[in-house]
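Could we walk through this protein together, a few questions at a time? Here is the model to keep open while we talk.

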Amino acid sequence: MPVRSANPIRARSLIRDNLEKQAGTLNLIHSRMPNIKVFSGTSHPDLAQRIVDRLGIDLGKVVTKKFSNLETCVEIGESVRGEDVYIVQSGSGEINDNLMELLIMINACKIASASRVTAVIPCFPYARQDKKDKAGGEDKEENKLAKKNYDWKFRSRAPISAKLVANMLSVAGADHIITMDLHASQIQGFFDIPVDNLYAEPAVLKWIKENIPEWKNSIIVSPDAGGAKRVTSIADRLNVEFALIHKERKKANEVASMVLVGDVKDKIAILVDDMADTCGTIVHAADRLVEAGATKVYAILTHGIFSGPAISRINNACFEAVVVTNTIPQDGHMRDCPKIQCIDVSMMFAEAVRRTHNGESVSYLFSNVPY
């Protein structure tokens with residue numbers, strides 16, 4: 001019904017009031033149903049569910065299946081036109097299948113006219129293959145297949161697979177990446193799109209203060225020289241000492257000795273690393289710390305991959321506890337090994353998603369745990 005009035009000023013006022021009421025109604029609708037969709041891949045549905053629970057929204061509908069020849073098929077079950085889409089998929093389990101599934105989901109949302117597609121990758125796949133390294137990576141001593149007849153000159157023709165993954169994600173249509181504790185920070189430079197690399201450090205500090213009563217008498221230890229920057233940051237925040245272990249190799253794939261740099265005698269040693277795969281390095285490091293006089297040994301890891309003999313090694317090792325985050329599913333590992341404990345970091349990813357969606361800064365999360 002058009003507004004009729006003999007007074008044109010009065011008529012304009014009524015029209016303005018009607019428009020303001022309509023705008024208020026639309027804002028109310030959008031506040032209840034924000035322009036955001038979160039989908040989960042098959043690698044870590046529990047983390048995705050925790051994220052949407054924290055955000056107060058429902059998980060998006062997606063059907064993932066495999067054909068008889070093992071091709072991956074993904075069907076997005078709801079409209080994403082004009083939506084801000086977040087896809088949660090971690091680099092764990094069947095890594096190659098999960099990576100391909102993520103790429104297909106990104107592309108499916110992009111060609112369905114999503115306004116922005118963000119890949120939330122708690123554990124970035126192939127992160128250890130970030131350079132041509134003459135030493136062949138941290139866990140080469142554990143790789144039984146490479147142990148025989150491995151020629152180090154071949155490293156000059158090694159791939160930089162992390163860069164390849166970055167290219168694949170960009171070509172698939174990802175507009176933004178959210179991840180946690182990249183194995184090497186320079187991986188962010190492999191992308192031409194924004195990358196938010198969150199840190200588990202605030203959650204780790206919170207766990208130490210709440211679960212280690214004598215934490216003031218502790219020392220933070222890096223199991224290799226590459227993690228020195230990580231442990232010094234934590235040690236500074238706790239105002240305690242730090243140490244590191246230097247691995248010396250007499251020949252390829254075999255650690256000849258581990259040299260401890262620092263004094264751990266009569267202290268609680270806390271080993272901190274970004275990931276543990278077969279756990280050979282941290283188990284040897286724990287033995288070395290006990291030999292040097294540490295009263296207790298804890299291990300805190302962001303990504304607990306725990307492949308091969310990892311669980312049996314931890315069960316037989318001298319750890320008080322091995323603490324990991326849930327960037328990778330840990331339920332099965334915790335059943336098999338009572339020493340493994342889990343820190344929930346879903347609130348950090350949920351807050352990163354919320355801040356990204358609202359155009360806010362995420363730097364608060366670099367030093368704080370959201371409550």
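Predicted model: local features only at pLDDT ≥ 70, side-chain atom pairs only at ≥ 80, totals over all residues.

Residues are numbered from 1 along each chain as its sequence is written, and side-chain values use heavy atoms, with hydrogens and water left out.

Q: How far apart are the end C-alpha atoms of helix α8?
A: Helices (H or I, at least four residues) and strands (E, at least two) are DSSP runs, numbered from the N terminus. Helix α8 covers residues 280-291, and its 12 residues should span 16 Å at 1.5 Å a residue, where the expected span is 1.5 Å times one less than the number of residues. That agrees with the model, in which the end C-alpha atoms are apart by 17 Å.

Q: Are the rings of Tyr 199 and Phe 366 stacked or edge-to-face?
A: Rings of Phe, Tyr and Trp (its six-membered ring) pair if their centres lie within 6.5 Å; planes under 30 degrees apart count as stacked, over 60 as edge-to-face and the rest as tilted. A search of the whole structure finds 3 aromatic pairs. With centres 5.4 Å apart and planes at 80 degrees, the pair of Tyr 199 and Phe 366 is edge-to-face.

Q: Is Trp 207 buried or exposed?
A: Buried means under 20% relative accessible area, exposed over 50% and partly exposed in between (1.4 Å probe, protein chains only). Trp 207 has a relative accessibility of 10%, so Trp 207 counts as buried.

Q: Which side chain of opposite charge is nearest to Asp 181?
A: Asp 181 sits in the loop between β6 (176-180) and β7. Lys and Arg count as positive and Asp and Glu as negative, with His and the chain ends not counted. Asp 181 is buried but has no salt bridge (a side-chain nitrogen of Lys or Arg within 4 Å of a carboxyl oxygen of Asp or Glu). The nearest side chain of opposite charge, 5.1 Å away, is Arg 230.

Q: How far apart in space are Ala 269 and Lys 296, C-alpha to C-alpha?
A: Ala 269 lies in strand β11 (residues 268-276), and at 0% relative accessibility Ala 269 counts as buried. Residues touched by Ala 269 (heavy atoms within 4.5 Å) include Leu 289 and Lys 296. Ala 269 and Lys 296 are 27 residues apart in sequence, and their C-alpha distance is 6.1 Å.

Conventions
Lists of a residue's contacts leave out its neighbours within four places in sequence.
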